[in-house]
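Please keep the model open beside this note.

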Amino acid sequence: MEAVLSGDFDHIPIVDIRGLASADPAERRAVAGAMGEAAREIGFLYVRGHGVDEALFEALLDAARRFFDQPLAAKMESYIGGSSNHSGYVPEGEEVFPGGTIDRKEAYDLNLDLPEARGEAPMLGPNRWPDLPGFREAASAYYAAVSDLARRLFRGFALALDLPEDHFEPYRRRPPSQLRMIHYPFDPAAQDREGIGAHTDYEFFTILRGTAPGLEVLNGRGEWIDAPPVPGGYVLNIGDMLEAWTNGAFTATTHRVRKVAEERYSFPFFATCDYG
């Protein structure tokens, strides 16, 4: 990846992370170096060579489509307001970002499913599961695969910071990482408003897979840079917690989802450490 001055980027770099699984420490450090450069200068990168089975994503996408295609009354049976640990259906208009605009999206939020841990720490506990055949199985399998990817990426970022590879492990015994299944409906006659307003993510980093363009990243010149899906790849962006953990060495960059030109599904996984 070519070095760029902070704020001068006009595209999101691609990093192949297969080398993180290499037995050769030099290969692992080379990948970590590319990850770290993107994290410092841009706060965003695409990752390829991640090892997540495409069939798991296709099953998740199918489950999401079937859920969001239901009438509102059926979806509200899994309303997030009935959850003890922020899991369930989030209807359109529920969330408002700074500036007061209402996002044009609906979502289903899932966490580490630990019914026995209810109340032990924020976000720990049971998921709310809709009464929809195959939904739980598809979401759970995908969650497990992306959790494993997150573990490898934590090790890569540790190396990028000149720390031992297992630096984050003691803080990740039961991390309540969240998977959001987001649906951006398309209605050409609807009011012109963004899918999600400008913001930074709050966790350590986000691993994102989307089905259509819409994501934009703000560079230092105040320009919105397109971050469309890359076939077979994920978008990875630094969150507020990792920026704070690194004393600002890594950058949590502002981004948004513009008004979509077609129906769009997005699956951000907010990778984190333990809350308590």
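1. Strands (E, at least two residues) and helices (H or I, at least four) are DSSP runs, numbered from the N terminus. This is a predicted model, in which local features need pLDDT of at least 70, side-chain atom pairs count only at pLDDT 80 or more, and totals for chains, interfaces and linings use all residues. Residues are numbered from 1 along each chain as its sequence is written, and side-chain values use heavy atoms, with hydrogens and water left out.

2. An open sheet is formed by four strands in the order E6-E11-E8-E9, with antiparallel pairing. Two strands pair if DSSP finds at least two bridges between them. Strands E6 (196–199) and E9 (224–226) are the edges, each pairing on one side only.

3. Strand E8 (residues 215–218) is joined to strand E11 (residues 255–257) by three bridges. Val217 of the model stands opposite His255 in E11.

4. A pocket is an open set of points on a 1 Å grid over the protein atoms alone, where a 1.4 Å probe fits, with protein on both sides within 12 Å along at least five of seven lines; lining residues have an atom within 4 Å of a point. The volume is the space filled by probe spheres set on the points, which are joined across faces, edges and corners. The largest pocket holds about 350 Å³. Of its 25 lining residues, the closest to the centre are Ile196, His199, Asp201, Pro268 and Phe270.

5. The second largest pocket holds about 180 Å³. E7 and strand E10 (234–238) each supply at least two residues of its lining; E7 gives the most, with three residues.
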